[in-house]
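The following exercises are to be worked with the sequence and the model at hand. Each task is followed by a stepwise solution.

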Amino acid sequence: MAKITFDGIEVEVPDGTTILNAARKIGGGVVPPAMCYYTPLKGSGGKCRACLVRVAAGSTKDPRPMPKLVASCITPVQDGMVVENTTSQQVLDVRKGIVEMLLINHPLDCPVCDQAGECDLQNFAFEHGVSTTRYEEERRTFEKIDIGPYVQLHMTRCILCYRCVYTADQLTDGRVHGVLGRGDASEIGTYIDKVIDNDFSGNVIDVCPVGALTDKTFRFKQRVWFTKPMNAHRECSHEKCNGHVTLWYKGKDVMRVTARKDEYGEVKEWICNECRFDKKETTDWILEGPAHVDRSSVISQGHYELPVVNPQIIADLPESTIRDLQQNPPLKLGGLNG
Amino acid sequence: MGRKLLTEHVNVEGIETFEVYRKHGGYRAVEKALKTMTPDEVVDEVKKSGLRGRGGAGFPTGLKWSFLAKPEGVPRYLVCNADESEPGTFKDRYLMSKLPHLLIEGMIAGSYALGARTSYIYIRGELLYVLRILEKAIAEAYAAGFLGENILGSGYSLDLHVHPGAGAYICGEETALLESLEGKRGNPRNKPPFPAVQGLYARPTVVNNVESIATVVPILNLGGDEYAKIGVGKSTGTKLFSACGHLNKPGIYELELGVPVEEFIYSDEYCGGIWKGRELKAVVAGGSSVPILPKELILKTAAGENRLMTYESLSDGGFVTGTMLGSGGFVAMDETTCIVKNTWNFSRFYHHESCGQCSPCREGTGWMEKVLHRLEHGHGSMHDIDLVVSVAKQIEGNTICPLGEAAAWPVAAAVRHFRDEFEWHVKHPHEATRPGAVYQGAGVLA
């Protein structure tokens with residue numbers, strides 16, 4: 001075990017844990033943002049530099065500070081390490097710089113982007129960025145590439161986190177997905193016109209932190225903050241998929257199906273394309289209850305869960321709102337589950 | 001003229017063949033090492049010699065070797081970094097094409113010291129003709145029993161391979177080089193783990209520059225202590241410098257470290273002064289990545305002492321008034337050189353060569369290039385000068401590999417030392433964009 005001090009808070013974690021995961025053990029506002037690191041994906045991390053932190057003391061044995069900021073997602077802790085994240089002005093300044101870099105070639109088309117509302121870049125920029133830009137040049141754009149019937153690749157929005165590349169590499173057989181080109185001309189490619197065609201290809205949508213990979217069966221159907229996530233499951237015949245998903249409802253219609261994500265937006269159990277794209281009826285699923293969305297606050301801001309937990313609040317609401325709420329599926333949990 | 005340890009026989013007819021090289025004392029170091037020394041003794045000699053990495057970072061080679069993890073039953077590798085692509089640096093190409101057996105001899109001695117049974121020379125893809133020279137020399141060494149099974153009856157076996165790169169500057173970064181050597185996309189790896197623990201094929205690996213490995217040969221021939229007597233302070237031995245730019249005699253020079261910069265530029269023994277009788281304006285002393293210095297600061301340190309061709313003297317004053325010895329790519333610029341254009345040109349190179357893996361470098365190098373392009377072409381504003389420095393600062397130190405710094409340092413240094421020239425481009429765009437126009441100093445228009 002190693003004991004470290006993170007932003008003045010002591011935490012004990014097993015040896016080999018990364019600084020980021022140690023911070024996640026503390027949780028809350030001290031956790032550095034991560035745009036490219038993704039726990040289930042081996043080799044991910046270190047690329048976006050959003051999670052840079054200052055190591056003020058390397059370890060008990062060698063208490064010298066590290067000369068440069070380090071990527072917390074890939075740097076393992078040492079016993080006695082002292083890490084500064086939100087307590088270091090240098091870290092906050094650099095993070096602002098990272099936001100700026102990530103945004104200079106981003107199209108900022110949030111109003112028409114399906115990812116808006118659950119976009120890591122949007123959240124990151126909102127929390128750490130500045131509202132103006134110093135970039136006057138033309139932004140980088142890419143030609144659209146068709147990569148199959150289910151997934152839309154919108155390369156212009158990509159921040160090259162490599163998550164989808166690792167997903168395609170580690171989850172699916174026969175690699176057809178990688179990075180082509182170099183520098184700011186790099187792009188996610190599927191080797192000319194090979195379509196991502198396998199049972200788990202849809203997971204690249206979930207791992208994408210921005211709107212570069214979106215669900216073609218959900219595109220332009222609904223803003224995510226108007227939909228209501230419900231956890232559900234089904235008996236899936238696919239051996240690698242256990243059918244644990246989140247259904248996103250608008251009224252009584254299932255708008256889309258995604259894998260379940262934790263508070264850091266990470267999928268713990270991958271789902272197959274059948275569950276994701278073909279099962280869009282409530283009758284296909286056994287509902288478990290509302291899914292709680294912590295971080296992307298814009299989704300949770302309707303607090304649709306509250307009336308269920310606290311009937312007192314319903315009494316204080318205007319009649320029309322109560323009527324709306326009663327017509328929403330989450331309020332009729334019992335009925336839906338049969 | 002100082003001693004020449006690497007290039008002593010470079011002009012001998014046929015030195016690239018095994019027989020002639022052997023006749024001129026070649027492969028003595030290998031014989032000495034394999035027959036009379038243990039691997040650890042070889043490492044100790046290199047440590048004693050004080051040899052510092054010749055690829056640019058200047059990290060002590062012996063120390064690097066001693067960091068190599070040596071778990072039982074796991075192969076180890078020595079990889080020679082011959083991916084020399086830094087603008088201004090061309091010493092390794094010269095060394096390999098003229099003296100291929102010197103590198104091979106160094107590779108054998110180094111591999112023996114590290115316990116490597118297979119070693120690689122990763123050569124820049126564009127240097128195809130050098131690759132052919134090396135392959136021919138390796139075949140000769142195999143035939144003479146210096147490579148392969150049971151070398152010189154010592155029981156030590158070594159296989160040596162040459163592998164060409166595919167044209168990316170970034171593959172000169174050691175972990176990107178290893179990725180490329182493994183057949184993958186040449187993206188630098190996250191560190192830790194360092195190559196000394198998990199390098200090529202996740203095995204302990206040492207990556208050294210061509211010149212560092214070649215220098216092991218004279219170190220073993222002379223003895224580490226004797227080698228350490230050459231040079232000044234911690235800059236021991238001799239080093240190759242590739243001098244280019246506006247010099248009377250550009251070329252490769254092997255210098256005992258410690259020659260004054262002024263002597264190197266102006267003495268007839270070396271570069272012979274600035275061409276066409278012009279004045280020196282600025283020098284990039286160690287390849288395009290190191291900060292540029294104006295004439296006053298490259299000849300004398302801020303304290304007024306003569307600057308010497310050593311690691312310490314060139315970096316005297318930090319980045320405020322100093323630079324770095326780097327890889328030895330010495331670029332001299334005369335008074336007709338436009339620093340803004342030159343800086344833009346360098347930044348264009350780094351923009352083109354950024355691997356695109358981490359965001360500050362991928363986005364920042366392109367941004368700097370665009371702003372510098374604007375400044376050079378008379379569309380810039382005063383604000384742009386500060387902007388480009390600020391972007392450079394946002395890249396520096398925040399990237400996975402040193403390419404970020406390599407892109408940021410020259411830009412920051414150019415503005416630091418030649419700010420008035422940048423301002424002149426903003427204030428007098430018509431003058432500045434006239435063909436051949438160059439800033440002549442405060443208040444003077446070209």
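Helices (H or I, at least four residues) and strands (E, at least two) are DSSP runs, numbered from the N terminus. The model is predicted: local features need pLDDT of at least 70, side-chain atom pairs count only at pLDDT 80 or more, and totals for chains, interfaces and linings use all residues. Residues are numbered from 1 along each chain as its sequence is written, while chains are lettered from A and ligands numbered from 1 in the order in which they are written.

**Exercise 1. Describe chain A as a whole, including its confidence.**

Step 1. Count the elements: chain A has 11 helices and 14 strands.

Step 2. A residue is buried if 20 or more other C-beta atoms lie within 10 Å of its own, exposed if 12 or fewer, and partly exposed in between, with C-beta atoms placed from the backbone. Of the 338 residues in chain A, 42% are buried.

Step 3. Examine the contacts (C-beta atoms, placed from the backbone, within 7 Å). Of those in chain A between residues at least 6 apart in sequence, 64% join residues at least 24 apart.

Step 4. Check pLDDT, the predictor's confidence in each residue, from 0 to 100. The average for chain A is 86, and 85% of the residues score at least 70. Residues 305-311 of chain A stay under 50, and the model has 8 contacts for them beyond four places in sequence. Residues 329-338 of chain A also stay under 50, with 16 such contacts.

**Exercise 2. Determine the strand order in the sheet of chain A that contains S7.**

Step 1. Apply the pairing criterion: two strands pair if DSSP finds at least two bridges between them. S6(A) and strand S7 (residues 151-153) of chain A run antiparallel and are joined by 2 bridges.

Step 2. Identify a bridge: Asp146(A) has Gln152(A) as its partner in S7(A).

**Exercise 3. Characterise the side of chain B that touches chain A.**

Step 1. Count the residues: chain B contributes 24 residues to the contact and chain A 25 residues.

Step 2. Locate the elements. Helix H15 (339-353), helix H16 (359-376) and helix H17 (382-395) of chain B each give two or more residues to this side. The most come from H16(B), with 9 residues.

Step 3. Classify the residues (Ala, Val, Leu, Ile, Met, Phe, Trp, Tyr, Cys and Pro as nonpolar; Asp, Glu, Lys and Arg as charged; the others, Gly among them, as polar). This side of chain B has 7 nonpolar, 13 polar and 4 charged residues.

Conventions. Contact = placed C-beta atoms within 7 Å.
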